[in-house]
Amino acid sequence: MEGGGEGGQGGEGGGRRRNKSIRRRQLGEGTSTAAPEVPPTVAMEEEPVAMPGDEDEPVGPKKTELRSRLGWAVIRAIYDGLPDFQVRRLESMGFGPFLRLEELAPDVALIQALKERWDPECHAFLFPWGHMVPTLEDVVRITGLRVDGQAVTGTTYTSYQEPVERLLGLEVRGERSSLVQRTALQASLGVTSARRQTGKGQAEHMERMTDDARAAMAEEEGEAADRDLRRFLTLVIGKLILGTRGDPVSCRCLPLLEDLSSVGNYAWGAALLAHLFDSLGTSSRVTGVAGFFPLLQVWAYYHLPSLGRGVARRRGAVPLLQRWRFCRDERSLRRQVTMIHDAMDTIPFRHVQRTPYVGEDDATQPWVERGRPYFGRDIWLHCYNTVVPLHHRLVARTLGLHQAVVTDWTVRVREQLDDWEQRGKEVVSEAASDEDYYRAYARRYGAQVYRGTRRPLDPEGRIASLEGVLHSTIQQRDDLQAMVDQLRGELERAQQMVGGASSSREDPGRSILEGQLAAAAARAEDALVQLREREQELRTALARTTVLEAEMAELRLRPEAAEATRRRQEAEARWQQDAEEAVRLRAEAGDLRTQLGEERHRSDMLRSEMRGLERALALVGHSRSVTSRSGIPSGSAGHYLTGSSGRRRNEEEEWRRRERAPEGSETGPRVMAPPSPRPPEGTGESG
């Protein structure tokens, strides 16, 4: 609901919304013959559903993937604001009981668990005790909607822009769309804002919306009043009866609303069931259900009371949806779904209510009497271009339908429409017991009927078959026990009437009657004893079969375990080899890194020497140029090769070497001899 409770059935999930193609059996749609151009066929728009939240996330009306986007509070507020003549028109159309229903909080976990048990092939729920499916009787009793009359079908269009503008005075979301904005549709009915104001209670909030709607409605009959009624019916049908998972409202019902005098002739309750079946058949990855999901809740409350999901209230209220409320559960969604599956797997068969409406006062529900000719029959259900079977024999299959650009479904599915107009085919059972059904059911579905955490190992359905036969035997035993009790009661009354042997001689007819009753009671007791013996045999066989199935499963797992052990050992051996190889490779890599370091060091030394030589050559060239300019002897150029410090070091070494040399050595230091005396001048040798 808006603000106070208009969440959504599909839910936003906190993320951005995306458009996608609609369900698999609803392919393209045709275009209106009144449109000037014929655009190509396109898939209609529909909103996805968010996946479930965290396992520990509490379930509530504001934090689930199945929030109530039905718009129940807004629709009820607008309905209360309609003029009296509009209310009478809706009553004559058959919508009155449905529109007076009070909102039912969604039981998300229960609906999700039911969806996971839906078989799209046979259009029924799969349980350990057999098939179950909501029927037209469930629809009419729970919702009050009409299930008799014309099928909800006709012509579909690619673009609904023209009929929306002409009949509603609004616009569709896109050029080729069948959806109108919910807020725009509500605003056209006077409710511009459905959010509850801070500090306002629910009653005050509803009163404000009702006053706004009353002020916007036409107060007299005429074209404006007809437009108001069409807008309101579009909101009711597009959001409540045939709602989608997203926020926008489908306006595919508009062709059927053009003539308001014929709206009440259609079986809107049957269309609701067809739409719900089609939504249940979507992928298991898509959580939640489109359509009027409260029908599933109340259906489960009546047929599976052992689940304890609903709380009874307002005894005697009709339609029956008003008798129940959801018992809120604070545990996580996944935990609740698992617990529901476990409970469904272990419910005693006799606790399943297959005829829960026995004793209902149908005089207070005239819509039930009108729909009675359609109860208990195999029949095709219609909702626009969706055709699905409702069958009790479980032998029919869904039609594969393909659409052209313009499709007249009254011609395309003529055979199924004839079936609807003839009220389907009556189902009559000729079987004496359910044993054959349970055996065939177990062979067909096997362990698929178990979805809880304690599901037995039953790949071939032997356990399910024995459980079904045992349940059938228990039913026969209970019926026979009731018959024995009845015969014994009749026999006692006959004996009291006879009043002794003397009276028997006076009235031999009574004696004969007494004997016949005694014989019948004896035969019934013998049959009851045989049934009890068979029941015990079946229980023993069931226990033995359960043990055998577990042992067979263990035997099947033993070779797999041995093979897994062998593969694990081989993997460990390969891992050991790989580890050793890795160690060797790491050692070699270490040696290579050491060699690489040494080579890098040698390379650095060579580069250093090369740089020294380059500097020496540069100095030699520089010294030569300086010598040529300054006149220094070229022999002194060697002193410049190593710099001044080098020259000093060389001179010191040369001096030490000379000091260490021995005396007289050519290489040692020499002492200069005194000069020889020169002869005096003027003297000479004598002759």
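Reply: The count of salt bridges comes to 27. A salt bridge here is a side-chain nitrogen of Lys or Arg within 4 Å of a carboxyl oxygen of Asp or Glu. The model is predicted: local features need pLDDT of at least 70, side-chain atom pairs count only at pLDDT 80 or more, and totals for chains, interfaces and linings use all residues. Residues are numbered from 1 along each chain as its sequence is written, and side-chain values use heavy atoms, with hydrogens and water left out.

Glu162 and Arg166 form a salt bridge, N to O at 2.8 Å. Both sit in helix H6 (residues 161-168), four residues apart, about one turn of the helix. Helices (H or I, at least four residues) and strands (E, at least two) are DSSP runs, numbered from the N terminus. The spacing has a simple background. An α-helix has 3.6 residues a turn, so residues three or four places apart point the same way. Both partners are partly exposed: Glu162 has a relative accessible area of 30%, and Arg166 has 40%. The classes are buried (under 20% relative accessible area), exposed (over 50%) and partly exposed in between, with a 1.4 Å probe and protein chains only.

Next, a pair between loops. Asp362 bridges to Arg372, with the closest N and O atoms 2.5 Å apart. This pair links distant parts of the chain, ten residues apart. Asp362 lies in the loop between helix H13 (333-346) and helix H14 (366-371), and Arg372 in the loop between H14 and strand S9 (377-383). Asp362 counts as buried, at 16% relative accessibility. Arg372 is partly exposed, with a relative accessible area of 33%. Both residues also belong to a network of salt bridges that links Glu137, Arg141, Asp362, Glu369 and Arg372.

Glu525 forms a salt bridge with Arg488, the closest N and O atoms being 2.7 Å apart. Glu525 is in helix H20 (residues 508-630) and Arg488 is in helix H18 (residues 462-498), so the bridge ties together parts 37 residues apart in sequence. Glu525 is partly exposed at 28% relative accessible area. Arg488 is partly exposed too, at 30%.

Now the wider chain. It holds 21 helices and twelve strands. Of its 687 residues, 45% are buried. Among contacts with a separation of 6 or more, 76% are between residues 24 or more positions apart. Contact means heavy atoms within 4.5 Å.

One helix packing is worth a look. Two packed helices are described by the angle between their axes and the distance between the axes. Helix H4 (residues 108-116) packs on helix H12 (residues 294-303) at about 85 degrees, with the axes 10 Å apart. Axes are lines fitted to C-alpha atoms, for helices over the stretch in contact, and angles run from 0 to 180 degrees between N-to-C directions. H4 and H12 are therefore roughly perpendicular. The angle classes are roughly parallel (under 35 degrees), roughly antiparallel (over 145), roughly perpendicular (65 to 115) and oblique (the rest). H4 brings Leu110, Ile111 and Leu114 to the contact; H12 brings Leu296, Gln297, Trp299, Ala300 and Tyr301.

Helix H16 (residues 414-421) has two sides. Its buried residues are Gln416, Leu417, Asp419 and Trp420. These cover an arc of only 155 degrees around the axis, which puts them on the same side of H16. The arc is that of the directions from the helix axis to the C-beta atoms. Glu415 and Glu421 are exposed on the other side.

Last, the backbone. Most residues other than glycine have a negative phi, and most peptide bonds are trans. Just after H16, Arg423 takes a positive phi of about 65 degrees. Arg423 sits in the loop between H16 and strand S12 (425-426) and is partly exposed at 39% relative accessibility. His123 is not a glycine either, yet has a positive phi of about 55 degrees. Its loop runs between strand S1 (118-119) and strand S2 (124-127). His123 is buried, at 2% relative accessibility. A cis peptide bond joins Val318 and Pro319, with omega about -10 degrees. Pro319 is in the loop between strand S7 (310-312) and strand S8 (324-326).
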